[in-house]
Amino acid sequence: MSTSDTTGQRPLVEAAGIVKRYGPTVALQDGRLTVLPGESHALVGRNGAGKSTLVRMLTGLEAPDAGTVLFDGEPAPPLGDRDAWRQKVACVYQHPTVVPELTVAENLFINRQPSSRHGFFSWRTLRGEAARLLDTWDIRVDPEARTADLKVEDRQMLEIARALSAGARFIILDEPTAQLDNREIERLFARMRAFQQSGVTFLFISHHLQEVYEVCQAVTVLRDARWITTAPVAELDRPALVEAMAGGLVTREESAARAGVPDDAPVLLKARDLTSDAYQDVDLTIHRGEVVGLAGSSGSGKIQLAESFTGLYRPTSGAATLQGSPLPFGDVTAALHAGVGWVPRDRHEQGLVKGLTVGDNATLSVLDRLGRRGFVGTERRRSVASDLIERLDIHAEGPDQPVSDLSGGNAQKVVMARALASDPRLLVLINPTAGVDVKSKESLLRRVDSAREDGTAVLVVSDELDDLRRCDRVLVLFHGRVVAEYPGGWSDHELIASIEGVAAGHTHSQGAEHDG
Amino acid sequence: MADTKAPSAPNPAPGRAGREGAARSVLLRKARELSLVPALLVLLILGSFLNDAFFTETNLISILSASASLAMVVLAESLVLISGKFDLSLESVVGIAPAFGALLVLPATGAGFGTELPTGVAMLAILVVGALLGTFNGLLVVKLQLNAFIVTLAMLIVLRGLLVGATKGKTLFDMPDAFFSLATTTFLRIPLSVWLAAIAFVVAGVMLRYHRWGRSLYAVGGNVEAARAAGIRVDRVRLAVYVVAGVLASVGGIMYTGYVGAIGANQGQNMIFTVFAAAVIGGISLDGGKGTMFGAVTGVLLLGVVNNMLQLAQVPAHWIQAIYGGIILLALVIARVTTGRAQD
């Protein structure tokens, strides 16, 4: 369905039948988008639904393999013509696209400084123009400030102002609220409404559905690389929206089967009042043999919370104990010695040393146990590595194969092997099955089960519902606070609704009591 | 949760305090740019106390003449650094460019090629060699996308080897006067090389501050993606910077030749360490996108003054290197503390 039919207005942006493949993976199978002038249009979908791919097509960073993009009824400019694209559309990403060392005024006019003669320009004119531009759109940012010193909200305004001055009236906001606190989000929405009245059109991407209802007039849902629906928000209530995002099937199977941990199981991890920039007042208890899931959208602070236990991220206050002894913060080595094993959030960035072998990578964290005075026994390491390869069912020729040869699934098993190599008492798994095939995923998740049987405390942080389904209970983080807790047997709908920040109210109170 | 973000009150202004805070931070930034000036003044005062000969016109001019060629190479390196790249090979350009010119004019009996070209052509050839070497470096780094550090390190070795090979390791004498005139000709008692270096810095400073090209250097070095998105032709800018740097280094080479009076096979050798030290002390970031020409000049002068003081103090020649290196370390620490930011 297309909204343009009902209103008769010509859409400002119209994308149809967009297909994009990267190698064997299909990033977008059937991307569609129709945005009417002057509206704020939400684009929602779970991770991997194809939102960012669609944005890349809409901003002219890449050409679709098939399909068309029209701006105001006219075909999109050729890819190389950056100026033409800049006059039509701009995207404010989560990562800044400004030059941090330059002033706000200069960033507004990079490479198009006003009234320059032979390339020379007057700083006074530049500052004046910048001040006028910011004034016109009522953006209160000091044009003289160093851009690196700006708060996120001001940086976003700067990028919006830059786009507007280039002539664009269609602005894509890619999860603009992820790094903002509640008051800043309120201000952003107020600004968006004001911009809208001046004729600016927004495409608003967010994981927080209540924000969609707050600022947007229409919403498009993508799922599994496909367009699912487009509708005015008034005609699509929250359950319907969640259903569109999550898909029809609701699974309760495995999660219900979980017997749960006996109440008298000893507490292994006990964290109190953990607070940092990313989360506030989090209490967390994990018993022996218990698997606790941690869910939340990308800006919820769940990764930072998990990384607090591994020493990668340092909370500003609060304390944690592991088996009764205090768990040191901000020191990876000390956390390792205290009995924490972990799978980092990104195996390429933090998980594996690409140039080393499977064996080297698997034993990297336990080298001190493989020999005396820092010397590493080669045979000892080989046998430990071979054991791990067998235990985790890693498909490799042997410990001496370069880890870069392995498929994503097997590489992730190596990361898991390293986490298990130190026989941890607390196992922290961050996105443990990200980007792996179905079979490896099963195999990795079976490791979680066997760790549970060994009496390890496990914390699983994941966007994947399949990972979370293995957990004895799942905590949901929203804007840095634990807002809900689900014992095994939750439905996809309630969990997703809670992650996206809708209808979390009633579970909140229960959750808070369970927790801690 | 849903009630936390009800439609909001009108956007509160950042307020006067915010603007004043920003104004203060601008002032602070400007002050940091000048932070080496007090250090330089302290050194000058210290120098005049330690040695009567220090604060004389002759000595001050000699500091400047001795620093001129270093200044040119620091200028060249600063431009490359601001654009976010490296060029280690500049020290070898300092040697090979003027040597090539000399070999063109010298007779075969004087170890030259025997072409005995006119001096003017040779002088032009020196600049062309600098430009060509810069282009070559730039193509390797920008177009082939090789690592700038290691490519220019290899070029440093290759060019030094070529110079040693072409001169059979001997020193070149008896070039026409034009080879030395930058150091020997004076205007207001100050050698031409100093004037030229000063002009080069002023021009570069003005271009960096007030010209589109200069600002695009900062944009490219500060955030390549943002620069590209703003329509700056990133590759072209970086290539151009390498070419300009090559030319500037070759000019630095002629100045060096004039100052020394001959071209040794080791002309410019190990100079690059001092060049980097001066640039970093002067606030040029090795990460790109940061630094000013004024800072670079103060870095050069600081090292020039220190060098001169060590000589006047008659520190035994064998110890000068150790002390000089120690002072560079100390200067880096002081610059880090006074500017209050990491020298990344």
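Colleague: What share of the 344 residues in chain B is buried, and what makes a residue count as buried?

Modeller: Buried residues account for 44% of chain B. The term applies if 20 or more other C-beta atoms, placed from the backbone, lie within 10 Å of the residue's own; with 12 or fewer a residue is exposed, and in between it is partly exposed. This is a predicted model, in which local features need pLDDT of at least 70 and side-chain atom pairs count only at pLDDT 80 or more, while totals for chains, interfaces and linings use all residues. Residues are numbered from 1 along each chain as its sequence is written, and chains are lettered from A and ligands numbered from 1 in the order in which they are written.

Colleague: How many helices and strands does chain B have, and what makes a run of residues a helix or a strand?

Modeller: There are 14 helices and two strands in chain B. As for contacts in chain B with a separation of 6 or more, 75% join residues 24 or more positions apart; a contact requires C-beta atoms, placed from the backbone, within 7 Å.

Colleague: How do you know what helix H6 of chain A should span?

Modeller: The expected span is 1.5 Å times one less than the number of residues. For the 14 residues of H6(A), residues 152–165, this gives 20 Å, and the end C-alpha atoms are 20 Å apart, so the two agree. H6(A) is also mostly covered, with 13 of its 14 residues buried. Just after H6(A), Gly167(A) takes a positive phi of about 110 degrees.

Colleague: What makes S16(A) and S20(A) edge strands?

Modeller: Strands pair if DSSP finds at least two bridges between them. Six strands of chain A form an open sheet of mixed pairing, in the order S16-S17-S18-S13-S19-S20. S16(A) (340–343) and S20(A) (481–487) each have a single partner strand, so one side of each lacks a neighbour in the sheet. From one strand to the next the twist averages 20 degrees. Strand S19(A), residues 473–478, is antiparallel to S20(A) over six bridges, and Val474(A) stands opposite Tyr486(A).

Colleague: How is the direction of helix H16(A) related to that of S16(A)?

Modeller: Axes are lines fitted to C-alpha atoms, for helices over the stretch in contact, and angles run from 0 to 180 degrees between N-to-C directions. On this scale H16(A) (residues 408–421), which packs on the sheet and touches S16(A) and S17(A), makes about 175 degrees with S16(A). Helix H17(A) (residues 438–453) packs on the sheet as well, touching S13(A), S17(A) and S18(A), and makes about 150 degrees with S18(A).

Colleague: What makes a set of residues a nonpolar core, and which members of the largest one touch the most others?

Modeller: The members must be buried Ala, Val, Leu, Ile, Met, Phe, Trp, Tyr or Cys residues joined through C-beta atoms within 7 Å. The largest such core has 247 residues, of which Ile171(A), Leu459(A) and Met72(B) touch the most other members. Its largest share, 14 residues, comes from helix H3 (residues 57–82) of chain B. Beyond its neighbours within four places in sequence, Leu459(A) is in contact with residues including Ile286(A), Val292(A), Phe309(A) and Val428(A).

Colleague: Why is S14(A) said to pair with S15(A)?

Modeller: DSSP must find at least two bridges, and S14(A) and S15(A) have two, in the antiparallel sense. One bridge joins Thr321(A) to Pro326(A) in S15(A). Their hairpin has two residues between the strands, and Gln323(A) in it takes a positive phi near 55 degrees. S14(A) also pairs with S11(A), antiparallel over five bridges, where Ala271(A) stands opposite Ala320(A).

Colleague: Into which domains is chain A divided?

Modeller: Bounds come from an automatic or database domain assignment, which gives domain 1 (1–88 + 169–248), domain 2 (96–167), domain 3 (253–339 + 425–514) and domain 4 (353–423) of chain A. The centres of domains 1 and 3 of chain A, taken over C-alpha atoms, are 32 Å apart. Each of these two domains puts 13 residues into their contact.

Notes:
Helix = DSSP H or I, 4+ residues; strand = E, 2+ residues; numbered from the N terminus.
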